[in-house]
Structures are given as structure tokens and as C-alpha cells.
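This report describes a single protein chain, shown below by its sequence and coordinates. Please keep both in view while reading.

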Amino acid sequence: LVRTYGRLADVEDPTPGDEFLAQHFGSIPRTMFALFELISAPDLGPYRATMFDNPPLVVFLVTFIILGSFGINGLLVALINESILEKNQARIEAERVERESKRKEMQQRCRELF
């Protein structure tokens, strides 16, 4: 993205969208931040003026947003599942400790009786 769209302002006949692309994709940190913004809040409104001049960019951004959304969704589901599994393991361990204490108490009572 940086080499393809971020350096368009350097050409001899720049279009109005070239400045926008250089602003968003002019360097690697800017590109990373622009893509992060698109993943966190997918709004292609600011890109509307340059989208029709650069169809490959549109294909990339839409694909990136869709796949990124699935990735974020997968991370959230995994985080929730991990939390549920940890709580379930803690509950099972607490029940085991409780059964063990009841068993020891029952053994003590049986020893007292016999």
C-alpha cells in the first residue's frame, strides 16, 4: 500500500485523491493506523472520493475489512470461551474440594462409631 498508493503524490500529474492517499498511506505507520481505523470502525466514507479512481484499493480495503472483522470476532469468541472454561474449571475444583472435605468428615464420624 505504501509503495503503490502512498507515493502517488510524487507523480507529475497528481489527482486530488493522491494527496488523501499520501496522507493515509504515505508511510508504514500511517498505513497501519489507517488500517487499524478501518478494522475498528469500518467507514469507507472518507475514501469515497478516491475509491472509484483506484478499484484495486477498493477490493483490498473491502476484503481487509471483511477478513479483519472475522478475525476480531474470532478473537472475542475465543476470549469468551476461555473465560467460561476457566470459570468451569474453578467450579469443578471447588466441588471436588467440597466432596473431599465431606468424605473426610464422614470417615471421621465412621471411625468414632466403630
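The mean pLDDT of the chain is 87, and 93% of the residues reach at least 70; pLDDT is the predictor's confidence in each residue, on a scale from 0 to 100. Among the helices, the lowest confidence belongs to α1 (residues 16–25), with a mean of 81, and the highest to α4 (residues 55–113), with 93. Where pLDDT is low, predicted coordinates should not be read in detail.

The model is predicted: local features need pLDDT of at least 70, side-chain atom pairs count only at pLDDT 80 or more, and totals for chains, interfaces and linings use all residues. Residues are numbered from 1 along each chain as its sequence is written, and side-chain values use heavy atoms, with hydrogens and water left out.

**Overall form**

The chain contains 4 helices and 0 strands, in the order α-α-α-α from the N terminus. Its radius of gyration is 29 Å, well over the 13 Å given by the globule rule for 114 residues, so the chain is more spread out than a compact globule. Here the radius is taken over C-alpha atoms, and the rule is 2.2 Å times the number of residues to the power 0.38. Helices are DSSP runs of H or I with at least four residues, and strands are runs of E with at least two, numbered from the N terminus. Along the principal axes, the C-alpha atoms fill a box of roughly 100 × 20 × 15 Å.

Of the 114 residues, 20% are buried, a class defined by a relative accessible area under 20%, with exposed meaning over 50% and partly exposed in between (1.4 Å probe, protein chains only). The chain exposes about 8,900 Å², of which carbon and sulfur atoms supply 63%; these areas come from the Shrake-Rupley method with a 1.4 Å probe. Among contacts between residues at least 6 apart in sequence, 48% join residues at least 24 apart, a contact being heavy atoms within 4.5 Å.

Which residues of α1 are buried? They are Gly17, Asp18, Phe20, Leu21, Ala22, His24 and Phe25. Because 7 of its 10 residues are buried, α1 is largely enclosed by the rest of the structure. These buried residues pack against α2 (28–40), α3 and α4. Gln23 also lies in α1, but it counts as exposed at 51% relative accessibility.

Leaving out residues up to four places away in sequence, Thr50 touches Gly17, Phe20 and Leu21. Beyond its neighbours within four places in sequence, Met51 is in contact with Leu44 and Val58.

In helix α4, Leu67 counts as exposed at 57% relative accessibility.

**Selected C-alpha separations**

| Residue pair | Separation in sequence | C-alpha distance |
|---|---|---|
| Met51 and Gly17 | 34 residues | 8.9 Å |
| Leu67 and Ile39 | 28 residues | 9.3 Å |
| Gln23 and Tyr5 | 18 residues | 10.0 Å |
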